[in-house]
Amino acid sequence: MKCLLIGEYRQGEMLSSVYELFGFAAGIGAEAALFLVGSEAAVPAADIGVYLADAERYGEYQPQVHQRLIAAAVERYQPDLIVFSHSSYGWDMAPRVAYRLGAAQVSEVVDFVDGEPVAPVCNGKLRRRIALKTARTVLTLQAGAFSAATLPAGSPNIEAVEADEQPRIIFEGYEQAPAADVDLSKAEVIVSAGRGIGKPDNVAMIAELAKKLGGEYGASRPVVDAEWVAHERQVGTTGQTVSPKLYVACGISGAIQHLAGMKKSEFVVAVNTDKDAPIGEVADVLVVADVTQFIPVLSEKLG
Amino acid sequence: MEFTRELYWNVGHGIATLVPMYLLAFAAVALLVRGFIKRRATYLRAAPIDRVDQPLVRLTGALGDMLSQRQVSRVLWPGLAHAALFWGFFLLLVGTTLVFIQADFTDPLFGWVFLTGNFYKLFSVTLDLAGAAAIVALALFMIRRYLMPPEGLPVSRDYLIMHLLLLVILITGFVIEGARMAVTELGRPVAAWSPVGLLFANVLVDMGEPALRNLHRGLWWFHFFCVLGFFIIIPYTKFRHIFTTSANYFFSDRGPTGKLASLDLEDEEREQFGATQVADLSWKDIFDGDACTLCKRCQDRCPAFATGKPLSPMKVVNQIQETAFAAPDDNLIEVVSRDVLWACTTCRACQEICPAAIEHVGKIVEMRRALVLMEGEFPDEATMAAMEQTEVNGNPLGSGFAARGDWAEGLPVKDASAGEAVDIIYFVGCYGSFDKRNIKVARSFVTLCEAAGVSVGIMGKQEKCCGEPMRKMGNEYLFQTLAMEMVELLNGSGCDTIVTTCPHCFTTLNKDYRDFGLTPKVVSAPVFLQELLNQGSLPVQPHPFTCTYHDSCYLGRHNDIYTPPRALIEAAGGTIVEMDKSGSESFCCGGGGGRIMAEENIGSRINNTRVAMAVATGAPVLAASCPFCLTMFEDGTKTVETASPPVPQDIIELLAERLKTAEA
Amino acid sequence: MNILVCIKQVPDMEAKFAVAANGVWYDPTDLAWRMNEYDEYGVEQAVQLKEQVAGSDVTVLCIGTDKAKEIMKKALAMGCDRGVHVADDEVFSREPYEIAAIIAEFARDKGFDLVITGMQSQDRGSAQVGLLVAEMLDLPGISTVVGCSLDGDGLALSRELEGGVRAKVRVNLPALFTCQLGLNKPRYPTLPNIMKAKKKELITIAVADLLKVAGRQATTALFVPQKKGGGLVLEGDPAELADKLIGILKEKTTVLS
C-alpha cells in the first residue's frame with residue numbers, strides 16, 4: 001500500500017503534525033512519500049521521497065492551485081491513500097482533492113482496522129467503521145490519534161511538482177487574533193480552578209500547571225464571580241462550553257452549570273478533597289487531595 | 001348657656017362675601033377637575049384594561065384602604081404620621097363642609113341649625129385636635145425630609161411648597177380661630193371646647209378688638225385663598241395622590257397575586273408584543289405613576305437596588321408616567337434602559353409594600369417582552385442559550401430531555417404519563433430533575449410520600465420546564481408553547497392533585513396555567529406535607545436543631561405561604577432564628593425573574609447579600625424551600641467570608657432525615 | 001444578492017446515544033433535534049448579507065425527513081425568504097458526496113451568487129459537503145470562515161487556522177464558504193418574524209429528483225468507543241499521586257506526548 005502524505009507549510013515553516021502522518025503510514029505498514037507546497041529548506045533531512053511545489057510560486061494558501069499540484073503528485077506516485085491532518089489546511093484541501101480524483105474521503109480518522117478507517121460520530125460519543133468503494137481514498141487524521149514517527153536518517157529525494165492553474169481567490173495574508181481573547185473552546189488542555197483553590201493568590205498555581213500542560217487555565221462560576229479570574233475564562237453554561245483533550249478540574253465540586261460546560265472533554269481529571277463531589281461522576285480520574293498541596297507537586301514533576 | 005358660635009363672624013354673611021367666595025371656590029374646584037381631565041386624556045392614550053369589574057367589592061376595598069390608612073401604616077412611624085395628617089385634614093374638610101351646609105343651606109332654607117349644643121362641643125374639639133394632629137404630623141414630615149432625610153427620599157422645592165402651604169393653611173386656621181375667640185369667647189365655657197384655639201386666643205388677646213377684627217378678616221381671606229391654591233395645584237403636584245392613590249386602591253390588581261397577563265399570540269393582525277412605547281402599556285400603568293408618592297419604600301426593599309444595580313422600581317414607575325405626559329412617542333425601553341429591566345428578580349417586594357397599590361413587576365415584564373419578542377434580545381448570551389436549550393431539551397440547563405426521570409431511579413415512583421393510577425403527580429421541575437443538589441430534595445420528597453403512604457407519579461421525560469423563568473424574562477412565546485404542552489399532559493393524566501417542590505412551578509401551574517385550562521388542584525410541597533403531618537401520616541421523629549428560614553419570594557409574597565414551612569421545621573425539631581428580613585419582607589436570593597439563567601455582573605451579588613444576613617443569625621443551617629434559592633445559597637455560602645458558613649438545606653431534606661423508618 | 005444557505009437537522013449532543021438496530025447509525029429514539037450549530041451561523045450570515053445588499057434573496061435548503069421542517073421554520077423566522085425541503089427518509093445513510101451532489105443538482109441552474117454551508121455537521125462531522133458543492137458547481141470555496149464582510153463586488157473573508165491565526169482572503173462572486181463557530185451571533189427569531197415565517201414559501205422536492213450519484217463509501221459498523229478511565233479514584237501521598245497521574249495521562253491522552 002502507498003500513502004501520499006500531505007504536509008502543511010505556513011509562514012515559511014512546515015508544521016510538525018506531518019510526523020503523525022508518517023506514524024500512521026508506518027503503523028499500517030505502507031510505503032509513504034511526502035507532498036509539500038513549501039520550500040526545499042523546510043523539507044526534513046531524512047530519507048524520504050518528496051513531491052515539492054514552490055510556495056513562492058503557488059502560494060501557501062491557494063486551494064485550487066494546490067488541488068492541481070496534489071493531483072499531479074498523485075499522478076506520478078500512484079498512492080492508494082492520500083493522507084492529510086484534520087486541520088484547517090487538511091479539511092480544506094481533502095474534499096477538493098477527493099473530488100478531483102473521484103476518490104472517497106473519510107474525515108478525522110482515529111483508527112485504521114483491516115483496511116477500514118474508523119472515524120468519530122457525534123463529538124466522539126460514537127465511532128464508525130467505513131467501507132471504501134473507490135480505488136483511491138483521501139483521509140484526514142485526527143490530531144494526536146496517531147503517534148508521530150521518527151523519520152529514517154538520510155537525505156530527501158525531492159521531485160518538483162508543477163501545475164498551471166490560476167488562483168480564484170486572493171490570499172491577503174495572516175492575522176494574529178487579538179491576544180487578550182482567550183478562547184477556551186479551542187484549547188486542547190484546560191486546567192480549571194474552583195472555589196476549592198481557597199484564595200485568589202492560588203490562581204497562579206493553576207495557571208502554572210496549565211502552562212506546563214500546554215493549555216489554558218479556566219475557572220468555575222464562583223471563582224469568576226469573585227473576580228479572581230476574568231470572565232472570558234469561565235467554563236460552564238454561563239461561560240464557555242469546552243471540549244479539550246484534557247480537562248483538569250481543581251477544587252471544583254461540579255455544579256450542573258459547570259458540568260454541562262465541560263463534560264464533552266475527552267479526558268477529565270478532578271482534584272478534590274471530597275470523594276463524593278459530583279465532578280467525580282464525569283471524571284476519568286479523581287485525585288482525592290487538597291488542590292494547594294497536590295497541584296504544585298504535579299507541576300514540578302511535569303518539569 | 002348655648003354652645004355654638006356665629007358662623008361667618010366678622011367676614012359678613014351677605015352677598016358681598018358669599019358671591020365672591022362661592023364663585024372662587026367653584027372656579028378652583030373646576031380648575032382641579034380640569035387638571036385631572038387633562039391627565040385623563042393621557043391615560044386613555046394607553047391600552048385598555050378592565051379595572052372596574054366588581055365595582056362594589058372594589059369600592060369597599062378602596063374606602064377601607066383609604067380610611068384605615070393600613071397600607072401606608074405598614075411602615076410604622078412615617079405611616080402613623082401620614083395617618084394623622086390624613087385624618088386631620090379629612091376631619092377639617094368634613095367640619096368645614098358642615099359649616100357651609102348649615103350656614104348656607106339648612107339654616108337659610110329650613111332654619112335647621114345643628115352646630116349647637118353637645119354636637120357643637122364634639123365638632124369644635126374634634127376639629128381643634130384634628131388641626132393640631134395635622135400640624136404635629138406635618139412638622140414630623142418636614143423634620144424627616146429636610147433635617148434628617150433618609151437616603152433616597154426626594155427633597156425638592158415642590159415638596160417645600162406643598163408642606164409650607166399646608167402648614168400655612170393649618171396655622172392661619174388657628175390664628176383666625178384664636179382672633180375670633182379672643183373677641184367672642186374668652187371667659188366663656190364654650191372656649192374650653194376649642195383648646196388649641198384658646199391657646200392662640202390667649203396669645204392674641206392683648207391686640208385689642210379692632211386689630212383682632214382686622215387680623216381675623218384679612219387672614220380669613222388669606223386662608224381661603226391658600227385653600228383655593230391648594231385645590232388648584234393638586235393635579236400638578238404630588239398632592240394629586242390624595243385622589244390618585246385612593247383611586248388606585250379601587251383600580252388595584254385583584255389577583256391572583258403575581259399572575260402575569262397572558263398575551264394573545266394567536267392574533268395574526270397583531271404587530272406589537274410587549275411594551276416599547278407608553279401606548280403599549282395599559283392606562284393603569286400610567287395612572288400608577290400618578291398614584292406614586294415617591295415614598296421609596298419599594299426602592300428600599302428592592303434586592304437589585306440594594307446590591308448596586310441601576311433598578312429602582314419607583315424610578316421605573318415614574319419614568320413611565322413622565323414619558324407618558326412629556327414624550328409619549330419616545331422609546332420607553334431606551335428611557336428606562338436595558339440594565340434596569342433585566343435586573344428585576346420579580347420578587348414582588350416592591351409591590352407588596354407599595355402603599356399606593358402600584359404594580360411594578362408587570363410593567364417591567366411588559367418591557368422585557370418587547371425586548372425578547374420584538375428584538376430577540378436577552379440580558380446576556382447565557383440567558384439566550386438557556387432559552388434555546390429549553391426549546392431543544394425542555395430545560396434551561398441543557399441536559400438531555402430523555403434523562404429527566406433518571407433522578408428517581410430506585411424510588412417507588414410510577415410513570416404517570418402512562419396513565420398509572422396515583423395519589424399525586426409530582427411535578428419535579430428542571431432543577432429537581434437534573435441538578436445534583438436538588439435531586440437530593442426531589443428524592444427526599446418521594447421518601448416522605450412513601451413513608452406517608454402516598455403513591456407518587458411523575459411524568460418522566462414527558463415533563464418539561466413549566467416556563468416560569470422564560471415568562472418572567474419576557475419570552476411569552478416559549479412560555480405559552482411549554483404551558484400548552486404541559487397543560488395537555490397534566491390534564492390528560494387523570495390525576496386530580498399535582499404537588500410541586502419548586503415554588504416557581506407551583507405559582508405557574510396554580511395560577512398562570514389556569515389561563516390555558518389546567519384543571520387539577522396544585523399544591524406546594526410545604527402545604528402538602530403539613531397536611532400529611534396534621535393527619536398524623538408523616539412519621540417524623542423530631543431531632544433538635546437551630547436554623548434560619550429563608551422565605552422564598554414565590555412561596556411567600558407570591559402565594560402567602562409563610563407558616564407551613566415553619567411548621568415543618570418545628571415538626572422536625574428545629575428552632576428558627578429569623579433573619580432581619582423575613583416573612584413578607586424577605587430578601588430575594590437573586591434567582592427569580594429568570595435571573596437564575598443569567599449572569600449577575602452589575603453591583604454585588606444578591607445571593608451573597610442574603611447569605612450574609614443568614615450568617616448574621618448565627619444559625620448553622622440555612623433552611624430554604626425553593627430549588628433556585630438552594631442553588632443560589634450553595635454558591636453564596638461558598639463565597640461568604642466566615643469561618644463556618646451555614647449549611648443550606650431544603651426543609652424537605654430536614655424532614656426526610658428525621659423519618660422514623662429511616663433507622664428502625 | 002441571491003444566496004443559498006444549506007442547513008441540517010442534527011441531534012442535540014447532550015443526549016445519550018445508542019446504536020440503532022441496523023448497526024450502522026445511531027438510534028433516533030429519545031434524541032432532541034436542532035439545527036446544526038455551524039449552520040446557524042450560516043443562516044445568520046446569509047440574513048446579514050441580505051440586510052446589507054438591497055434586493056437580496058435567501059433560499060434555505062435542508063435535506064431530511066419531514067421533521068427537518070422544524071429547523072427550516074426557524075431559518076425562515078431568522079430571515080430566510082424561502083425554503084426548499086429535499087424529502088429524504090434515508091438521509092442518515094447519505095455520505096457527504098451524495099449530500100453535496102443533491103445540493104449541487106438543485107443549485108446548478110438557479111444562479112446563486114453565494115452558497116453558504118456549515119463547516120461540518122455535529123453528528124457526522126465530515127467537513128466535506130460545502131467544499132464538494134463548490135467543486136461540483138465550479139465555484140471558489142473557502143472553508144472555516146470566522147469573518148465575513150462585503151468588499152466591493154466580492155467578499156472579504158477570514159479563515160480560522162490553528163493557534164489563533166487567521167488567513168485573510170478575498171473572493172469574487174459567485175462563491176461558496178463554510179462557517180466556523182463564532183462567525184457571528186445568530187439571532188433569536190422575533191415573534192413577528194416567527195409569524196411571518198409561517199406564511200413563507202416552503203417547497204418540498206423528492207430526493208430521487210436530485211440524487212443522481214452513488215455513494216463512494218458506506219458505514220459498516222457504528223459503535224460506542226471503549227469506556228475511558230471509568231472513574232478511577234486515586235488517594236494517598238501527593239507525590240505518589242502526581243506520579244500515578246502522569247503515568248495515566250501518558251497512557252490515556254496525547255497531551256504529554
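Trainee: Where in chain B is Gln69(B) found?

Mentor: Gln69(B) sits in the loop between helix H2 (55-68) and helix H3 (76-110) of chain B. This is a predicted model, so keep that in mind throughout.

Trainee: What is phi of Gln69(B)?

Mentor: General idea first. Most residues other than glycine have a negative phi, and most peptide bonds are trans. Now the case here. Phi of Gln69(B) is near 60 degrees, a positive value in a residue other than glycine.

Trainee: Is Gln69(B) partly exposed or buried?

Mentor: Count C-beta neighbours. A residue is buried if 20 or more other C-beta atoms lie within 10 Å of its own. Gln69(B) has 19 C-beta neighbours inside 10 Å, so Gln69(B) counts as partly exposed.

Trainee: What about Arg348(B), and what is its phi?

Mentor: Arg348(B) is not a glycine, yet its phi is positive, about 70 degrees. Look for Arg348(B) in the loop between helix H14 (338-343) and helix H15 (349-353) of chain B. Arg348(B) has 24 other C-beta atoms within 10 Å, so Arg348(B) is buried.

Trainee: Which residues does a cis peptide bond join in chain B?

Mentor: Read omega. The bond between Gly255(B) and Pro256(B) is cis, with omega about 5 degrees. Pro256(B) belongs to the loop between H8 and H9 of chain B. Pro174(C) lies in the loop between E9 and strand E10 (175-179) of chain C.

Trainee: Now H9(B) itself. How many residues of helix H9 (residues 283-291) of chain B are buried?

Mentor: The count is 9 of the 9, so H9(B) is largely enclosed by the rest of the structure. Among the buried residues are Trp283(B), Ile286(B) and Phe287(B), and also Lys284(B) and Asp285(B).

Trainee: What do the buried residues of H9(B) pack against?

Mentor: They pack against H1, helix H8 (241-250), helix H12 (313-326) and H16 of chain B.

Trainee: H1(B) comes up there. How do I describe two packed helices?

Mentor: Use the angle between their axes and the distance between the axes. Take helix H1 (residues 15-45) and helix H7 (residues 209-233) of chain B: their axes come within 8 Å and cross at roughly 20 degrees. Angles under 35 degrees count as roughly parallel, and that makes H1(B) roughly parallel to H7(B). The crossing of H1(B) past H7(B) is right-handed.

Trainee: Which residues make the contact?

Mentor: H1(B) brings several, including Leu24(B), Ala28(B) and Leu32(B). Phe224(B), Leu228(B), Phe231(B) and Ile232(B) come from H7(B). By class, the contact has 11 nonpolar, no polar and no charged residues.

Trainee: Next, sheets. In what order do the strands of the open sheet in chain B run?

Mentor: Follow the pairing from strand to strand. The 5 strands go E1-E3-E2-E4-E5, and the pairing is parallel. Strand E1 (413-415) and strand E5 (521-524) of chain B are the edge strands, each pairing on one side only. Neighbouring strands are turned by 40 degrees against each other on average, direction ignored.

Trainee: How many bridges join E1(B) to strand E3 (residues 456-458) of chain B?

Mentor: 3 bridges join them, and the two strands run parallel. Val413(B) stands opposite Val456(B) in E3(B).

Trainee: Which helix packs on the sheet?

Mentor: Helix H22 (residues 503-510) of chain B packs on the sheet, with its direction at about 160 degrees to that of E5(B). Helix H23 (residues 525-535) of chain B lies across E4 and E5 of chain B, at about 85 degrees to E5(B).

Trainee: Last, chain contacts. How many residues does the contact of chain C with chain A take from each?

Mentor: Count each side separately. Chain C gives 60 residues and chain A gives 65 residues. On the chain C side, H6(C) gives the most, with 10 residues. That side divides into 31 nonpolar, 15 polar and 14 charged residues.

Trainee: How do strand E13 (residues 169-176) of chain A and E9(C) run, parallel or antiparallel?

Mentor: They run antiparallel, joined by 7 bridges. Find Gly173(A) and look across: Lys168(C) in E9(C) stands opposite.

Note on methods
Residues numbered from 1 in each chain as written. Chains lettered and ligands numbered in written order. Predicted model: local features only at pLDDT ≥ 70, side-chain atom pairs only at ≥ 80, totals over all residues. Axes fitted to C-alpha atoms, helices over the stretch in contact; angles between N-to-C directions. Helix = DSSP H or I, 4+ residues; strand = E, 2+ residues; numbered from the N terminus. Parallel < 35°, antiparallel > 145°, perpendicular 65-115°, else oblique. Left-handed = near helix turned anticlockwise from the far one by under 90°. Contact = placed C-beta atoms within 7 Å. Nonpolar A, V, L, I, M, F, W, Y, C, P; charged D, E, K, R; others polar. Pairing = 2+ DSSP bridges. Buried ≥ 20, exposed ≤ 12 C-beta atoms within 10 Å, placed from the backbone.
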